Amino acid sequence: MASMAFYEYVTQEQLAGFDRYKYSAVDSNPLSVYVMHPFWNSVVKILPRWLAPNLITFTGFMFLVFNFLFLAFYDFDFYASAPGHLHVPSWVWIVAGLFNFTAYTLDGVDGKQARRTNSSTPLGELFDHGLDSWACVFFVVTVYSIFGRGETGVEVTTLYYILWVVLLSFILSHWEKYNTGVLFLPWGYDISQVTISIVYIVTSVVGVEAWYTPVFWKFHYRDLFTVMILGCAFLVTLPMSLYNVLKGYRSGTLKHSSLYESFLPFLSPVLLFVLSTLWVCLSPSDIIQLQPRVFYFMVGTAFANITCKLIVCQMSNTRCQPLNWLLLPMALVVGLVSSGLVQNSEMLILYVWTTIVALAHVHYGVSVVHQLSDHFNIFAFSLKKPNSD
């Protein structure tokens, strides 16, 4: 009866591709090579051998979700860090810092635990990277509470574009792998995780007021935060991605011959960006100002769904689906809202649409994990083997 609730999203061709899959990744970031990996190697030795790697992955992800919900409770609309508003209690920042670092650590040890217990499977990698794609929005939106909005903070619309820079940086490494067959782990990830964990702890000590003062002249910490994200994306992640794909092109090792096929994975993310930006710009009730947190969550979740489908294609070495089905109803929603006919119920429409996107994505994730667990004859969250009837 339970299987009635699942849908077989992964095709037979993709399942056959997963059977041939070999993990290939390059991590050249000095921070992770010389500092984090030795640390993770020590941590993994503490973990019991019966602990399933996917359980570690999921626990790490839940720490980020908890941070997001925790700060949503204390700072739902991002005004708490502004002058004259009730600030987030100091202890909350300590918890956020510890949880963020714990999530990052668990994300680093899950693969090591899989190798240690000899339980590495393509499902583990898909589960890890699939949750990472969703984690982007929780991570960025939680960090936003440090600066918040208002005169001393970052405008909600600016943060919307910053979120998109982070999302597109994430998909770049999977686009690279779709074309080259090798996952080049982005440098920005490790640096940002360690920095932000420290910034949370520092905030608990010095208070959010410390970030009001300019670093020098009229350049504020919030500007430094923006410049770091943009700099990382456009000066490090993007050039390295293009370089790696170009290198593959020159050596004739690319998986897709035509330019159209190579860039196909960008079609759905770009359309999502266009649709959500149209909603922001044409919204009669200025929805991004009214409900920034819900809007970010909706965009991040739709993005994660698109990315997960790309990761399935990239790992199974199958052609990427040009269009994600969620974009069609979303186009109708954006058309309806921008027509001005439903001005009074725009917030309700956002809530309903966000719920649909979240449920669709969770259903997709649970179904794929269920389907691949069956296919590989394993339990997703246990190292015990299912009884083979």
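**Pockets, cores and a buried threonine**

A: Let us begin with a pocket. In this predicted model, the lining of the second largest pocket draws at least two residues from each of helix 3 (53-74), helix 5 (122-147), helix 12 (292-316) and helix 14 (346-376).

Q: Which helix gives the most to the lining of the second largest pocket?

A: Helix 14 does, with 8 residues. The volume of this second largest pocket is about 410 Å³. Its lining comprises 20 residues, and those closest to the centre are Phe 127, Leu 131, Gly 365, Val 366 and Val 369.

Q: What classes of residue make up the lining of the second largest pocket?

A: The lining has 16 nonpolar and 4 polar residues, and no charged residues.

Q: Which residues line the largest cavity?

A: Among them are Leu 264, Pro 265, Ser 268, Ile 306, Lys 309 and Asn 324. Helix 12 gives the most to this lining, with 3 residues. By class, the lining of the largest cavity has 7 nonpolar, 3 polar and 1 charged residues.

Q: How should I read a nonpolar core, and which residues have the most contacts inside the largest one?

A: In soluble globular proteins, nonpolar side chains tend to be buried together. Here the largest nonpolar core has 98 residues, and Phe 138, Trp 279, Phe 295, Tyr 296 and Met 298 have the most contacts inside it. A second, separate core has 11 residues, including Met 36, Val 44, Ile 56 and Tyr 104.

Q: Beyond its neighbours within four places in sequence, what is Phe 138 in contact with?

A: With those neighbours set aside, Phe 138 is in contact with Phe 61, Leu 64, Val 65, Phe 68 and Phe 297.

Q: Is Thr 237 buried or exposed?

A: A residue counts as buried under 20% relative accessible area. Thr 237 has 11% relative accessibility and therefore counts as buried. Thr 237 lies in helix 8 (residues 221-250). Apart from neighbours within four places in sequence, Thr 237 is in contact with Ser 169, Leu 172, Pro 186 and Cys 232.

Q: How far apart are Thr 237 and Val 199 in sequence and in space?

A: Thr 237 and Val 199 are separated by 38 residues in sequence and, C-alpha to C-alpha, by 22 Å in space.

Technical notes
Residues numbered from 1 in each chain as written. Predicted model: local features only at pLDDT ≥ 70, side-chain atom pairs only at ≥ 80, totals over all residues. Heavy atoms only, no water. Helix = DSSP H or I, 4+ residues; strand = E, 2+ residues; numbered from the N terminus. Buried < 20%, exposed > 50% of the residue type's maximum accessible area, 1.4 Å probe, protein only. Contact = heavy atoms within 4.5 Å. 1 Å grid on protein atoms, 1.4 Å probe; cavity = no way out; pocket = protein on both sides within 12 Å on 5 of 7 lines; lining within 4 Å. Points joined across faces, edges and corners; volume = space filled by probe spheres on them. Nonpolar A, V, L, I, M, F, W, Y, C, P; charged D, E, K, R; others polar. Core = buried A, V, L, I, M, F, W, Y, C linked by side-chain atoms within 4.5 Å.
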